[in-house]
Amino acid sequence: ARESEQQQQQQQKQPQQQRPQPINTNIHNNPINNIDKMAPEAQAKLDAGEPTSFEKGQRCLTLGDATAAVEHLKDCVADDASDSIDARLLLAEALWQESRGKGTEEALEHYIRAGELALKAQDYSKQAMVGLGYGFALTHLGRSAEAVDVLLQAKEAAAHDGPESPGVQFVERLLDQARSLAAEGSKPLDSDGADAVHVTWKLFAEARAAKKPAVLFMKGTLAAPLGPDSREGVEKLKQIGCKTIEVVDVADLGTDVPDGLQAISNSKYLVFPQLYISGEECLDWNLPKVSGKELREKLIAAGLEVGEMVQEPCHGTGAFADGLEKWETALVELVSQHGVEDLATLASKLKEQGHDSEVLAAEKQDSLEQAIKTAWERLAPVVKEKLEDQPEMPCGHSCNTCPTRHDCQLHDALGEAKDIEDLIVAPKKK
């Protein structure tokens, strides 16, 4: 009832508009009194350890429950004490995700309100972020002409960080897309479709990586990668001597990825990590087909500072990945590091990498240790056959030329000699 009364009062103050109100660039003519600050009541709840509506909504969205997030965030913005730029942006994002990428007009009003708050706070960074999300939403709802107006204002705000900043470059790419669609006759886009997802994400990634040696888009950080794919990618970069690289955490809501693109970055059609070198995506960099030496050379050529390669055995990851599941390749690597006798250690390591459920399901065993044992019995002949061919590892060595071959326990696990030196039998003393 209170919300209905507030809406009626707002409707009496200003006439209905057919088009959503663009972000107003004249702060003196913007009659907004609420600035993006946390009220004492909300701060008291936070200090007491009680989660706020905003925190609950953020948590639900992170867990993939967009509907619950919408409920909490609507409670948040309904209270003047907790209404804020971030709350409005997150609510717009939750509504968009709840629509499963099809888009919803309901999100637009929250972008407008967030823009008003950002203007009142004179926060150019937030203005640009709001404009990006708002323009993206309008474009995908088939309102490209309006999106152009909004994105032009977002570009003006983003330019405060410099005319060549990533924000400006991304806005320009979205502007090109919106203008093209407007010229063709705007139609709603299926932002959950594979083509639309790839095109939109590529616009962002290329703009973010432009004029930089390398940018890594991943889930998590270098210190705490999320998921086996990101962990493997970070490990490969470390092995080739790459200690520092710019990272965009696609799992961090609203920090590295603009609001409006979170649904895109979480799409089933995108796979992370992605590595961009000199502004272009380096395809298959995280797969064995791209050797560590080749990747290292590309990064150096792009101007990235790279240290010495880490002299560690590659443990067959590249040589045995072909034809195997990821968890099977991980098991081969762990066996080469720890042997096959210590099943408890192998089980612990596989669990750390998030492969435990896959192993149990594949081997149909109740115990992870027993599942590992049966899996290795099945994989051992395959590994042995490949070892006999002396395959080239990602580091460029074969087993016979590997400088750290004596640290590898793969041959022992197969009951084989490591090299010709191991076949030499010392003469018995008389």
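**Briefing: cores, sheet and aromatic cluster of a predicted model**

The largest nonpolar core of this predicted model has 58 residues, and those with the most contacts inside it are I85, L89, Y111, Y134, F170, W201 and F217. A nonpolar core here is a set of buried Ala, Val, Leu, Ile, Met, Phe, Trp, Tyr and Cys residues joined through side-chain atoms within 4.5 Å, where buried means under 20% relative accessible area, exposed over 50% and partly exposed in between, with a 1.4 Å probe and protein chains only. Helix α5 (residues 85–98) gives the most to this core, with 9 residues, while a second, separate core of 25 residues includes V332, L334, A371 and V383.

Residues are numbered from 1 along each chain as its sequence is written, and side-chain values use heavy atoms, with hydrogens and water left out. Because this is a predicted model, local features need pLDDT of at least 70 and side-chain atom pairs count only at pLDDT 80 or more, whereas totals for chains, interfaces and linings use all residues.

**Overall make-up**

- The protein has 19 helices and 4 strands, taken as DSSP runs numbered from the N terminus, with helices being H or I of at least four residues and strands being E of at least two.
- Of the 430 residues of the protein, 47% count as buried.
- With a contact meaning heavy atoms within 4.5 Å, residues 24 or more positions apart account for 64% of the contacts in the protein with a separation of 6 or more.

**Confidence**

- The mean pLDDT, which is the predictor's confidence in each residue from 0 to 100, is 76 for the protein, and 72% of its residues reach 70 or more.
- Confidence is lowest in helix α2 (residues 40–47), at a mean of 52, and highest in strand β3 (residues 274–277), at 94.
- Over residues 12–39 the pLDDT is below 50, although this stretch has 55 contacts in the model beyond near neighbours in sequence.
- Residues 417–430 likewise stay under 50 in pLDDT, and for them the model has 16 contacts beyond four places in sequence.
- Where pLDDT is low, the predicted coordinates should not be read in detail.

**The sheet**

- The 4 strands form an open sheet of mixed pairing in the order β2-β1-β3-β4, two strands being paired if DSSP finds at least two bridges between them.
- β2 (246–249) and β4 (280–281) stand at the edges with a single partner strand each, so one side of each is left without a neighbour in the sheet.
- Strand β1 (residues 214–218) pairs with β2 in the parallel sense over 4 bridges; the bridge partner of V215 in β2 is E246, and F217 stands opposite V248.
- β1, helix α11 (residues 228–239) and β2 make a right-handed β-α-β unit, meaning that, with the strands pointing away from the viewer, the path from the first strand over the helix to the second runs clockwise.
- β1 and β3 run antiparallel and are joined by 4 bridges, with L275 in β3 as the bridge partner of L216.
- β3 and β4 pair in the antiparallel sense over 2 bridges, and Y276 stands opposite E281 in β4.
- In the hairpin of β3 and β4, which has 2 residues between the strands, S278 takes a positive phi near 55°.
- Q274 and Y276 point one way from β3 and L275 and I277 the other way, and all are buried.

**Aromatic pairs and their cluster**

- Rings of Phe, Tyr and Trp (its six-membered ring) pair if their centres lie within 6.5 Å, with planes under 30 degrees apart counting as stacked, over 60 as edge-to-face and the rest as tilted; by this rule the count comes to 7 aromatic pairs.
- The rings of W201 and F217 have their centres 5.7 Å apart and their planes at 75°, so the pair is edge-to-face.
- This pair links distant parts of the chain, with W201 in helix α10 (residues 194–209) and F217 in strand β1, 16 residues apart.
- W201 counts as buried at 2% relative accessibility, and F217 counts as buried at 0%.
- W201 also forms an edge-to-face pair with F272, at 5.4 Å centre to centre and 80° between the planes.
- Because W201 lies in helix α10 and F272 in the loop between α12 (262–265) and β3, the pair ties together parts that are 71 residues apart in sequence.
- F272 is buried, with a relative accessible area of 7%.
- W201, F204, F217, F272 and Y276 form one aromatic cluster.
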